[in-house]
Amino acid sequence: MDNLRERLAGVRERMARAAERARRDPAGITLLAVTKVFPAAAIREAYEQGLREFGENYVQEFERKAPEVGGLAGARFHLIGHLQSNKCRKAAEIFQSIQTVDSPKLARRLNEAGPALDVMLEVKLSEEDAKSGAEAEALPELIEAVRGCANLRLLGLMTMPPWSDDPEASRPYFRRLRELAERHGLGGLSMGMSHDLETAIEEGSTCVRVGTALFGKRKRE
């Protein structure tokens, strides 16, 4: 973590340059620090460097960290991994945002859990079996279901393109997500990670999910 300040400055510079190319205001793009597999100490250090938005992949993993970081004023925690319906109640307790809502059933479970939540709809645009998300054709029904939930605030869409070393390979998926958001009148777009955040910003991302570029390579689980 010794290099976090330097890495953070580098990521922010990349974001600013991409926003400039796209003629966008970088202030409209959230940097979500992905702290999966890193300890609570990493979240606290990132918080000290000014970061306030954090992403975690697993409910159980963040449940262990939450007692150590729950008191950080202004910090918000986003679930960006697949959510099983039987973990909705716990997820609603420890996260402020769920970016991976992919079914009306999941939306209803989160709504019934009680706390108000920001949500995004995960869309499956890849053919990969490992990828989660709602099909694009199912979005109207899913949007209607979420908007009918008093405790859920719908912000937009999120996606995970197939992995590629080439950032340009992600562009068609990012563009497709933006087109879907525009069609359904949604403003938020969670797309782009350490290796392709510039492409995502050029295609309209409002939230880039960055782990490796901030914290280094993750340990193998």
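Modeller: One term before we start: a residue counts as buried under 20% relative accessible area, and as exposed over 50%. The model is predicted.

Colleague: Fine. Is D118 buried or exposed?

Modeller: D118 has a relative accessible area of 9%, so the residue is buried.

Colleague: Which side chain does D118 meet in a salt bridge?

Modeller: That of R153, at 2.8 Å, N to O. R153 is in strand β6 and D118 in strand β5, 35 residues apart.

Colleague: How many salt bridges are there in the whole structure?

Modeller: A search finds 17. One of them pairs R44 with E68 at 3.3 Å. R44 sits in helix α2 and E68 in helix α3, so this pair ties together parts 24 residues apart in sequence.

Colleague: And how accessible is E68?

Modeller: E68 is partly exposed at 48%. R44 is also partly exposed, at 31%.

Colleague: What about E203, which residue is its partner?

Modeller: R178, with 2.7 Å from N to O. E203 is in the loop between α8 and β8, while R178 is in helix α7. E203 is buried at 3%, whereas R178 is partly exposed at 23%. Both belong to a network of salt bridges with shared partners, whose members include R21, E168 and R175.

Colleague: Is C149 buried or exposed?

Modeller: Buried, at 6% relative accessibility. C207 is buried at 6% as well.

Definitions and conventions:
Residues numbered from 1 in each chain as written. Predicted model: local features only at pLDDT ≥ 70, side-chain atom pairs only at ≥ 80, totals over all residues. Heavy atoms only, no water. Buried < 20%, exposed > 50% of the residue type's maximum accessible area, 1.4 Å probe, protein only. Salt bridge = Lys/Arg side-chain N within 4 Å of Asp/Glu carboxyl O. Helix = DSSP H or I, 4+ residues; strand = E, 2+ residues; numbered from the N terminus.
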